[in-house]
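Student: I'd like to learn how to read a model like this one. Can you walk me through a few features?
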There are 2 protein chains.
Amino acid sequence: MDPGEKQYTTNFEIGGPLDGSAIGVVVESASEHLPLGATVRHRLGWREYAVVDETAVTVCDLAKAPAVSWLSSMGQTGFTAYAGLLPVGQLAEGETVLVTGAGGAVGSMVGQFARLLGAGRVVGSAGGVEKCAWLRDECGFDEVIDYRNTDFREVLPTAAPDGIDLFFDNVGGWQMVSAFHNMKIQGRISMCGAVSNFGSQQQPSLAELIEVVLRRITIRGFIVRDFEHLRPEFEERVSGWLASGQLVDRATIVDGIENAGAGLEGLLNGANLGKALVRLSD
Amino acid sequence: MDPGEKQYTTNFEIGGPLDGSAIGVVVESASEHLPLGATVRHRLGWREYAVVDETAVTVCDLAKAPAVSWLSSMGQTGFTAYAGLLPVGQLAEGETVLVTGAGGAVGSMVGQFARLLGAGRVVGSAGGVEKCAWLRDECGFDEVIDYRNTDFREVLPTAAPDGIDLFFDNVGGWQMVSAFHNMKIQGRISMCGAVSNFGSQQQPSLAELIEVVLRRITIRGFIVRDFEHLRPEFEERVSGWLASGQLVDRATIVDGIENAGAGLEGLLNGANLGKALVRLSD
């Protein structure tokens, strides 16, 4: 009955193992492309050993980026930021970019990539003093709004006084509504997720979309796997930024698979800074 | 504080006269372009006589379309449908189009234009048996859902079994949410208005937008005045369709300016069929 359902159903299954990107070292191999000792990435996550087909793994070139970066700035995280800014968001030189969830893995890349790609002003929102200071002082955001300790709706017009050209939305909810009211005419929204949906906060009404008509806004939902053809240019650019020290790539790492659940919780409740990773061994 | 506000404020003022498109006959003229007796269109509406600058009126060529059509299929109404389907919605041959508020002025043009422009399947929703029969039998819609007498959400998957490529939204609210769940992956939504916002019905949550991410939908809000450059091609096409009898252009006409308020009410509560007009004299 639902024509699109099969096409987007995730792999998550109640009672089944959780998946996600993981890196590890090849300890046994029947493939000439995967020598023993090579660092590789696969999508099976949440397990200590995995048996995978050679076509389902990527060899991580540690000369281009450190192992952890292959899961963050050089992985799906960074690639999501890149896709939302360029092919989806059509970022142009000098524009004002807003990103919500800026302290998270994707959000912190969005703000930094936007700056490195020539945005004129980068505004982020994050929860808590420490995260906001990190984004401003280390990641080079022009303005960071602490949505926990200030009134986002009230502060946003000052943080983006000329309006927002491109809004990269990770959060949805009331921050999205405030963003609507500060979009430039014909502004664009790259819609990546809506983590606020998972909370208990009452959600705004769909009627708020009337601003999308009045301001002639374009909203584009996207999923990074539609942009695989851009991965080589993405890796090229990001490894260059990492090498020159222009990109801050930080992770919140928990040790041991027994703590993976707590790490996931930190991702959802905003405790984490940057990419959430679980370390199984050195 | 609101960077876009000035750019979209309407001309409506409490206590001031209502405006809107009107046609009339020139009874006095100081312009050589506007001979006495010419039929002209202006935007001052809701008045029996108007004094206007020659640059603020359009001469209506009655050889191309009858006077009333210059306010409906050949006016802003038709032009809104055209803009939402082509430059905004990028309609392609063979696609499935859904339009809500199909019994209204814009909606009935959207469905008919879509068919004439080569859509493969045209689905509309309207309230009431009479409107639905008119759309199906006279306007050539493939499927019409009577949202008052059936469960729109339940019927839509049958009306558009392969999913919707292009959704022209006039209504917002719960019909919009049902449409989200029946969009094809990478489908497009032309968002023209949200008349359901004006009613008393409880609106759905903004969290429903998560479907826009999962299905990689593009939503584009638009206002017809951004597409003035397409008006000549629009008038050319529509006058051709009118001349060949392929287009049904129907209006609900109330007589006398004293009944104009009731006519507006009929537009908002769904009593009207086609374009709502007030006739001041023959």
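Tutor: Let's start with a term: a salt bridge is a side-chain nitrogen of Lys or Arg within 4 Å of a carboxyl oxygen of Asp or Glu. Here, Asp255(A) forms one with Arg279(A), and their closest N and O atoms are 2.9 Å apart. The pair links distant parts of the chain, 24 residues apart: Asp255(A) sits in strand 10 (residues 251–255) of chain A and Arg279(A) in strand 11 (residues 275–279) of chain A. Helices (H or I, at least four residues) and strands (E, at least two) are DSSP runs, numbered from the N terminus.

Student: What should I know about the numbering and the model itself?

Tutor: This is a predicted model, where local features need pLDDT of at least 70 and side-chain atom pairs count only at pLDDT 80 or more, while totals for chains, interfaces and linings use all residues; side-chain values use heavy atoms, leaving out hydrogens and water. Residues are numbered from 1 along each chain as its sequence is written, and chains are lettered from A and ligands numbered from 1 in the order in which they are written.

Student: How many salt bridges cross the interface of chain B and chain A?

Tutor: Two, by that rule. In one, the side chains of Asp226(A) and Arg216(B) meet at 2.7 Å, N to O. Asp226(B) and Arg216(A) also meet at 2.7 Å, N to O. Over all chains, a search of the whole structure finds 17.

Student: Is Arg216(A) buried or exposed?

Tutor: Buried means under 20% relative accessible area, exposed over 50%, and partly exposed in between (1.4 Å probe, protein chains only). At 10%, Arg216(A) counts as buried, whereas Asp226(B), at 25%, is partly exposed.

Student: Which strands pair with strand 8 of chain B?

Tutor: Two strands pair if DSSP finds at least two bridges between them. Strand 7 (residues 164–169) of chain B runs parallel to strand 8 of chain B, joined by five bridges. Four bridges join strand 8 to strand 9 (residues 218–221) of chain B, also parallel. Strand 8 (residues 183–191) of chain B is mostly covered, with seven of its nine residues buried.
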